[in-house]
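Please work through each task before reading its solution.

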Amino acid sequence: MIQLIRGFKDILPEETPLWRHIERTATALFEDFGFREIRVPIMEKTDLFARSIGEETDIVEKEMYTFPDRKGDLITLRPEATASIVRSFVQHKLYAQKPVHKLYTIGPMFRRERPQKGRYRQFYQIDAEIFGDGSPYEDAQLIFMLVTLLERLSVTDTSAHINSLGCPACRPDFKAGLQAFLADKGQVLCEDCLRRRENNPLRVLDCKVPACRDAVADAPDLLDYLCDDCRNHFDTVQRALADLGVPFEVDKRLVRGLDYYTRTAFEIQTGALGAQSAVAGGGRYDGLVRALGGPDQPASGFAIGFDRLAEIVAMVQNDLQRPPALFVAALGEACRAAAFDWVCRLAVAGVNAEMSTTERSLKSQMKQAHRLGAPRVLIFGDDEMARGEAMLRDMATKEQQALPLEGIVETLQTILMAK
Ligand code: AMP
């Protein structure tokens with residue numbers, strides 16, 4: 001038998017109601033905050049990701065699914081959505097339509113990471129981006145929206161971690177300071193960090209290798225290097241969050257994996273998932289629109305790990321399965337034909353009824369109804385047909401009620417939709 005690809009997974013029918021519930025909750029909330037949906041392709045030219053995410057990142061260095069198409073052009077399965085949304089924003093000149101755009105998208109992403117619980121090679125993200133507004137209030141609003149979403153989904157064990165990564169005016173000083181600090185750490189840093197030390201030293205700060213973590217314990221603090229503008233920006237984000245009653249923690253080790261962040265970076269962590277604690281991450285990326293050929297437009301956004309969120313929500317919410325409203329237990333071909341007609345007409349009217357399409361004993365059909373969780377069974381055999389009625393049985397109270405065949409679909413509709 002052919003199995004699915006390692007690190008990929010199926011979302012089975014018993015899980016999809018939960019996924020839909022999350023999707024609906026997120027989109028309703030985002031729309032109330034003025035976001036509109038955008039859908040972008042899952043493949044792009046490799047250059048788009050190399051240029052936006054950054055050559056020196058784990059994603060671009062070792063995790064992208066990149067291959068030549070039949071003409072030899074390099075294309076990549078998207079590892080994240082921001083780059084594509086920015087590409088689309090620039091390509092369609094959305095910035096010319098109105099000053100601020102708030103966009104969201106939901107879909108699969110692909111990264112060839114080492115699979116483990118909470119980490120997949122095809123995973124899903126819920127993504128929100130704001131273009132055209134450089135205000136710290138937008139950063140605070142994104143974090144507030146995220147925390148509100150988690151609350152609406154009854155996820156409580158969460159904390160917002162925030163940091164500022166500075167801007168092109170102040171980050172070079174910090175980079176130099178950090179590089180000086182790391183200069184004599186050659187013996188202890190992992191191979192990746194030795195490379196990062198030269199090109200992307202900030203990434204050394206969030207390396208997960210214990211020796212690297214120890215090595216940077218006393219590293220200079222980025223917040224000490226912020227210019228006045230970045231400092232004011234970060235202060236306002238914190239004040240706005242406090243005013244909104246959002247608990248947060250300043251986490252100076254939070255640098256995020258992608259190159260394009262400026263100023264605010266944030267992550268929502270949860271204790272519910274063990275090692276893979278980040279359920280969402282994001283921040284400001286004021287230089288990216290320009291870097292991808294657009295005008296100088298500020299931007300900020302976040303991505304929620306849908307798979308991880310679904311795993312958490314599944315622990316607190318397990319009543320989303322929808323059993324059929326009715327099971328029709330028909331006996332004999334003539335009754336089955338009538339039952340088939342009723343089941344189809346009920347479906348059109350918005351009522352899910354199930355039946356057995358093959359001849360089975362009443363006992364076996366009652367068992368099937370029970371297994372499906374149908375609260376009512378309509379029993380219809382030759383005797384009932386002769387009397388011009390069918391018997392509706394309530395599975396909980398065991399009460400039975402005879403319904404005339406005349407207009408039975410409408411009668412059932414009224415009864416089943418009333419509860
Ligand atoms: P990132 O795009 O790396 O900032 O990730 C944003 C969120 O996506 C993370 O906080 C995770 O919840 C989720 N995520 C990232 N990579 C994976 C993966 N390989 N499998 C499942 N979820 C992931």
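**Exercise 1.** Which element gives the largest share of the shell around the ligand?

*Solution.* The largest share comes from β10, with 3 residues. Strands here are DSSP runs (E, at least two residues), and helices are runs of H or I of at least four residues, numbered from the N terminus. The elements giving two or more residues to this shell are β6 (122-131), β10 (278-284) and β11 (299-305).

The model is predicted: local features need pLDDT of at least 70 and side-chain atom pairs count only at pLDDT 80 or more, while totals for chains, interfaces and linings use all residues. Residues are numbered from 1 along each chain as its sequence is written, and side-chain values use heavy atoms, with hydrogens and water left out.

**Exercise 2.** State which polar atoms lie by oxygen atoms of the ligand.

*Solution.* Step one: a polar contact is a pair of N or O atoms within 3.5 Å. Step two: a polar backbone atom of A278 is 2.9 Å from a ligand oxygen, and one of A280 is 3.5 Å from a ligand oxygen. Step three: in the side chain of Q125, an N or O atom is 3.0 Å from an oxygen of the ligand. The protein buries 91% of the 490 Å² that the ligand exposes when taken alone (Shrake-Rupley method, 1.4 Å probe).

**Exercise 3.** Describe the chain as a whole.

*Solution.* First, the secondary structure comprises 15 helices and 16 strands. Next, the radius of gyration, taken over C-alpha atoms, is 28 Å, whereas a compact globule of 419 residues would have one near 22 Å (rule: 2.2 Å times the number of residues to the power 0.38).

Definitions and conventions
Polar contact = N/O pair within 3.5 Å; in protein donor to acceptor, adjacent residues only side chain to side chain.
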